[in-house]
Amino acid sequence: MLFVFFLFVCFKQVELHVHLDGAIKPETILHFGKKRGIPLPGDTVEDLLELISYSEPLTLTQFLEKFALYMPAIAGDRDAVRRIAYEFVETKAKEGVIYVEVRYSPHLLANCKVHPVPWDQEEGDLTPDEVVHLVNQGLQDGERDFNIKARSILCCMRHMPSWSLEVVELCKKYQNNTVVAIDLAGDELVSETFPEHRKAYEEAERCGIHRTVHAGEVGPPSVIKEAINVLKTERIGHGYHVLEDPALYRELLSKKMHFETCPWSSILTGACDPDFRKHPLIQFRKDKANYSLNTDDPLVFNSSIETDYRIAKQSLDFTEEEFKRVNINAAQSSFLPEKEKKELLSKLYEAYGMVPNNPS
């Protein structure tokens with residue numbers, strides 16, 4: 001336990017897979033619910049967390065339903081959108097994270113000219129474009145105040161292909177103005193990748209926009225193959241079920257494909273067997289795969305990065321050297337420009353007492 005605590009307070013960490021709308025402070029939800037007159041399932045932090053958060057496995061669909069309980073208090077409000085981005089950076093800085101890539105759907109945080117309007121809200125006047133601008137402001141203010149580097153990834157949603165071409169245009173507009181990549185999120189059991197998703201990813205590749213895809217979290221290895229071969233992804237969000245296709249797994253190991261893994265999330269969404277002795281991360285660790293440790297949706301899982309580090313240490317037998325290797329992997333696989341990536345790696349090597357460019 002002391003070892004994990006030491007890691008938590010002393011280790012400099014890199015996080016690549018965390019959702020902004022799944023990382024909101026409950027106090028902020030209560031504030032905007034009251035301010036906007038939007039009913040919530042609880043009047044106190046404790047009551048709210050009791051209904052929003054959970055600690056026993058659910059299905060991915062049941063997990064996604066949690067967002068409808070609180071997002072109406074945030075979506076469509078300018079002050080709320082900017083504030084949650086700012087507070088997110090503050091939280092990550094307190095956790096010891098020095099670089100984070102946070103992802104979100106601009107359309108789910110807006111409620112104007114978005115059909116269907118998320119969570120059955122009355123349509124307002126906040127557009128997806130303005131959402132990105134507000135999130136950028138919050139992240140940049142947080143960087144300034146908390147000495148942390150924060151970048152963002154814009155999400156397409158599998159069930160809403162009509163949004164995807166606008167998402168890639170927003171990536172182009174705000175490229176390197178915090179936005180560093182495009183993602184495809186949502187229920188991966190949606191049976192087809194719509195043409196709009198493919199066109200968005202083709203445009204992203206053409207314009208030099210980095211690409212990641214949620215794949216192999218609850219879906220089969222074929223979803224991962226599609227992410228690689230059709231969407232030309234550079235990283236895989238989760239990817240646990242790749243082990244069901246040994247040939248594909250060997251191929252991705254040889255290519256050093258990065259897996260954005262989330263240990264606690266993988267249990268609570270039903271993605272992996274709750275018996276940690278069978279967790280795919282054990283195989284990833286043995287094979288020295290390229291992967292990172294991430295929180296995914298800490299509000300819903302009532303967790304922090306410490307939770308995932310503690311699980312990795314106590315249930316997956318991680319050593320201090322593996323924690324270092326994983327964070328260096330994350331930095332190397334980040335979507336930062338090369339100069340900034342080298343600067344980030346130098347900070348990690350210095351913090352870990354390692355020689356720069358030492359193979360990890």
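Predicted model: local features only at pLDDT ≥ 70, side-chain atom pairs only at ≥ 80, totals over all residues.
1. **How H5 and H7 pack.** Two packed helices are described by the angle between their axes and the distance between the axes. For helix H5 (residues 78–95) and helix H7 (residues 128–146), the angle is about 35° and the axes are 8 Å apart. Their crossing is right-handed.

2. **What makes up that contact.** On the H5 side, the residues that meet H7 are Arg 78, Val 81, Arg 82, Ala 85, Tyr 86, Phe 88, Val 89, Glu 90 and Ala 93. Among their partners in H7 are Val 131, Leu 134, Val 135, Leu 139 and Phe 146, along with Glu 130, Asp 141, Glu 143 and Asp 145. By type, the contact of H5 with H7 holds 11 nonpolar, three polar and seven charged residues. If you colour the model by residue type, charged side chains such as Arg 78 and Arg 82 of H5 will show up in this contact beside the nonpolar ones.

3. **H5 from end to end.** With 18 residues, H5 reaches 26 Å from its first C-alpha to its last, close to the 26 Å expected at 1.5 Å a residue. Asp 77 caps the N-terminal end, where one of its side-chain oxygens lies 3.1 Å from the backbone nitrogen of Asp 79. After the helix comes Gly 96, with a positive phi near 95°.

4. **Which H5 residues are buried?** They are Ala 80, Val 81, Ile 84, Ala 85, Glu 87, Phe 88, Val 89, Glu 90, Lys 92 and Glu 95. An α-helix has 3.6 residues a turn, so residues three or four places apart point the same way. Val 81, Ala 85, Phe 88, Val 89 and Glu 90 are buried and also belong to the contact with H7.

5. **A lysine worth a look.** Is Lys 324 buried or exposed? Lys 324 sits in helix H16 (residues 320–332) and has a relative accessible area of 10%, so it counts as buried, the cut-off being under 20%. Its side chain reaches the backbone oxygen of Tyr 352 at 3.4 Å. Setting aside neighbours within four places in sequence, Lys 324 is in contact with Phe 11, Tyr 352 and Met 354.

6. **An aspartate in a strand.** Asp 183 belongs to strand E4 (residues 179–185). Its relative accessible area is 0%, so it is buried. Beyond neighbours within four places in sequence, its contacts include Arg 103, Cys 155, Cys 156, Tyr 201, Thr 212 and His 214. Ile 153, Leu 154 and Val 213 are also in contact with Asp 183.

7. Leu 30, in helix H2 (residues 26–36), is buried at 17% relative accessible area. Apart from neighbours within four places in sequence, Leu 30 is in contact with Leu 40, Gly 42, Asp 43, Thr 44, Val 45 and Leu 48. Ile 267, found in helix H12 (residues 263–268), is buried at 5%. Ile 267 and Ser 55 are 212 residues apart in sequence, yet their C-alpha atoms are 9.2 Å apart in space.

8. **Backbone points to check in the loops.** The peptide bond from His 115 to Pro 116 is cis, with omega near 0°, and Pro 116 lies in the loop between helix H6 (106–109) and H7. Asn 176 is not a glycine but has a positive phi, near 65°. Asn 176 is in the loop between helix H8 (164–173) and E4, and counts as exposed at 59% relative accessibility. Lys 232, also not a glycine, has a positive phi of about 55°. You will find Lys 232 in the loop between helix H10 (221–229) and strand E6 (235–238), where it counts as partly exposed at 38% relative accessibility.

9. Gly 37 is found between H2 and helix H3 (45–52). Its relative accessible area is 61%, so this glycine is exposed.

Definitions and conventions. Residues numbered from 1 in each chain as written. Heavy atoms only, no water. Axes fitted to C-alpha atoms, helices over the stretch in contact; angles between N-to-C directions. Helix = DSSP H or I, 4+ residues; strand = E, 2+ residues; numbered from the N terminus. Left-handed = near helix turned anticlockwise from the far one by under 90°. Contact = heavy atoms within 4.5 Å. Nonpolar A, V, L, I, M, F, W, Y, C, P; charged D, E, K, R; others polar. Expected span 1.5 Å × (residues − 1). Buried < 20%, exposed > 50% of the residue type's maximum accessible area, 1.4 Å probe, protein only. Polar contact = N/O pair within 3.5 Å; in protein donor to acceptor, adjacent residues only side chain to side chain.
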